[in-house]
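Hi everyone, thanks for making time this morning. I'd like to walk you through one structure, so let me put it on the screen.

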Amino acid sequence: MTSLSLSPDGSYLTLELMGQPRRFHAIWLRDNAQDPETRAPGNGQRLLALRDIPAKTRLAAAELSGETLQVSFAPEDKTVAFDLSWLAANAYDKAGQKAAGWLPEHLTPWNSSLMSDVPLGDFQELAKGGDALRDWLGKVNRYGFGKVVNGPIEDGALFSVVDLFGYVRETNYGRHFEVRTEVNPTNLAFTGLGLQAHTDNPYRDPVPTVQVLYCLESSAAGGENMVVDGFAAALRLREEREEYFDVLARYCARFEYAGETGVFLTSRRPMIELASDGELVAVRFNNRSAAAITDVPYDQMEAYYDAYRQLAEFIDDPAMGVAFKLEPGESFIVDNTRVLHARTGYSGAGSRWLHGCCSGAIVITCWSRWASGSRGRYSAHATM
Ligand code: FE2
C-alpha cells in the first residue's frame with residue numbers, strides 16, 4: 001500500500017515511490033501539472049507562465065487512486081492527476097551530493113574493451129529506420145561513438161548518414177570538409193603523419209557536437225582511426241590525480257584557428273567542462289589548435305601543465321582507445337563534445353580520401369513516439 005501524507009501547511013506532500021519516501025513541493029506540482037489547460041495536448045508545451053500560478057500555491061488535498069495521484073491546489077481550487085510512474089521518473093527528493101564529474105545514467109564511459117562491442121550499424125538496415133536505427137542511435141548516445149558499414153561509395157555519401165538522425169551544421173569549411181592524402185614514399189612532404197587524439201574545432205563556440213567521417217578511398221597502408229572516450233580519460237584523472245582533474249576543470253584553456261582570410265575563431269573554455277552542479281558535460285583537447293593559456297594564475301600554471309600532460313598520457317594510452325580502419329563506404333560518428341579521434345600515420349604508396357562534416361547533437365528523447373512513426377520530430381532530432 002503506497003503511503004501519502006500532506007504537510008500541515010500544504011506546502012509539500014510525501015509520497016512513497018518504489019519503496020522510497022519522496023517529497024514534492026506544491027509549487028512544483030502545480031507548475032508541472034499535466035492537464036490540458038497547463039500543457040498543450042500533443043506537443044506537451046506549457047501554456048502558462050509562472051506568473052499565472054499564485055505564489056502562495058498550497059496543497060488543499062491529495063488522494064491516491066490506483067496508479068494515479070489526484071492533487072487539489074489552493075487558492076486556485078484546481079484538481080489535477082499525476083501518473084505515479086511520471087512522478088517516480090521525475091522525483092527530485094534524493095539524498096546525497098554528487099561528486100564533481102558525475103555522469104547521467106544514460107551515458108557509459110568506456111575504454112579499449114569496447115573494441116569487441118563497437119556500436120555498429122549496416123547502412124542499408126539503418127536507412128529503413130525502425131528498430132535497427134533506434135538501437136544503433138541508442139548506443140551512439142550511450143557511448144558517444146558509432147560505426148556504419150555498407151554505405152554508398154560516392155561523393156556526398158556522408159550526408160546520407162547525417163540524414164539518418166539530424167542535419168548538417170555548416171561551418172567556414174562549408175557543408176563538408178575533405179580529408180584527402182596522397183601518400184608518396186619518395187617525397188616525405190606527402191607522408192601522411194599521424195594525428196594525436198583530439199576533439200575537432202574546440203576554437204568554435206558552440207563546438208560542433210556530432211562529427212561524421214566517411215571513407216571514400218583507402219589504399220594506403222596504415223591510416224587507422226582510433227577513438228578515445230574523453231569522459232573516461234577525465235574520470236581516470238579524477239580517480240588517480242583528483243587535483244589535476246580539479247585544475248583542468250577550474251581554469252579555461254584557449255583555442256584558436258586563423259587559417260583562411262577573414263576567418264579567426266577563438267574560444268575560452270576548460271579542457272574538462274563541468275555544469276554548475278558538477279556534471280561532466282564536455283572535454284576539449286586539441287594540441288594543434290591550443291592557444292597560449294592565459295587564464296591560469298601564475299602559482300597554478302605548473303600544476304596546470306602537469307595535469308594537461310597527465311590527461312594527454314591517459315588519452316594516448318592504447319588501453320583507453322578503440323582502433324579500426326575504415327574501408328570505402330564505411331564511416332564513423334562521434335559526439336565531439338566527448339569522444340576524441342586520432343589517426344595513425346601511413347606507409348607505402350596509395351591514397352586515403354575521407355569526407356567529414358558536423359551535425360547537431362543527437363537527442364533521443366521519446367522512444368514511444370519513435371514507435372508510432374514520429375521519428376524525425378520527436379525521437380532523434382538535432383540541436384545546434
Ligand atoms: Fe579531427
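What volume does the largest pocket have? About 500 Å³. Before I go on, a word on the source: this is a predicted model, so local features need pLDDT of at least 70 and side-chain atom pairs count only at pLDDT 80 or more, while totals for chains, interfaces and linings use all residues. Residues are numbered from 1 along each chain as its sequence is written, and side-chain values use heavy atoms, with hydrogens and water left out.

Back to the pocket. On a 1 Å grid over the protein atoms alone, a pocket is an open set of points where a 1.4 Å probe fits, with protein on both sides within 12 Å along at least five of seven lines; lining residues have an atom within 4 Å of a point. The volume is the space filled by probe spheres set on the points, which are joined across faces, edges and corners. Of the 21 lining residues, Phe177, Leu195, His198, Asp200 and Arg288 are the closest to the centre of the largest pocket. The elements that give two or more residues to this lining are β9 (177–183), β10, β14 (253–257), β20 and β22 (350–359). Strands here are DSSP runs of E, at least two residues long, numbered from the N terminus. By class, the lining has nine nonpolar, six polar and six charged residues. For that count, Ala, Val, Leu, Ile, Met, Phe, Trp, Tyr, Cys and Pro are nonpolar, Asp, Glu, Lys and Arg are charged, and the others, Gly among them, are polar.

Now the metal. Which residues coordinate the iron ion? They are His198 through NE2, Asp200 through OD and His341 through NE2, at 2.2 Å. Donors are N, O and S atoms within 2.8 Å of the metal (3.2 Å for Na, K and Ca), and water is not among the atoms, so sites may look incomplete. In sequence, the donor spacing reads H-x1-D-x140-H. The two histidines link distant parts of the chain: His198 sits in strand β10 (residues 195–198) and His341 in strand β20 (residues 339–343), 143 residues apart. Both His198 and His341 are buried, where buried means under 20% relative accessible area, exposed over 50%, and partly exposed in between (1.4 Å probe, protein chains only).

Let's stay with β20. Five of its five residues are buried. Val339, His341 and Arg343 lie on one side, with Leu340 and Ala342 on the other, and both faces are covered. As a reminder, in a regular strand the side chains alternate between the two faces of the sheet. β10 runs antiparallel to β20, joined by two bridges; two strands pair if DSSP finds at least two bridges between them. In that pairing, His198 stands opposite His341. Strand β13 (residues 225–229) is also antiparallel to β20, with five bridges, and Met226 has Ala342 as its bridge partner.

Next, two open sheets. Six bridges join β2 (residues 12–17) to β3, and Leu15 is partnered with Arg22. In the loop between β2 and β3 we find Met18. Met18 has a positive phi of about 50° although it is not a glycine, and it counts as exposed because its relative accessibility is 77%.

The other sheet has the order β4-β5-β6, again with antiparallel pairing. β4 and strand β5 (residues 68–74) share seven bridges, and Leu64 stands opposite Leu69. They form a hairpin with two residues between the strands, and Gly66 in the turn has a positive phi of about 60°.

What about the loop between β5 and β6? Pro75 is found there, and the peptide bond from Ala74 to Pro75 is cis, with omega near 5°. Asp77 is in that loop too, with a positive phi near 60°. Most residues other than glycine have a negative phi, and most peptide bonds are trans. A cis bond also runs from Asp205 to Pro206, with omega near 5°, and Pro206 lies in the loop between β10 and β11 (210–218).

Terms used: Helices (H or I, at least four residues) and strands (E, at least two) are DSSP runs, numbered from the N terminus.
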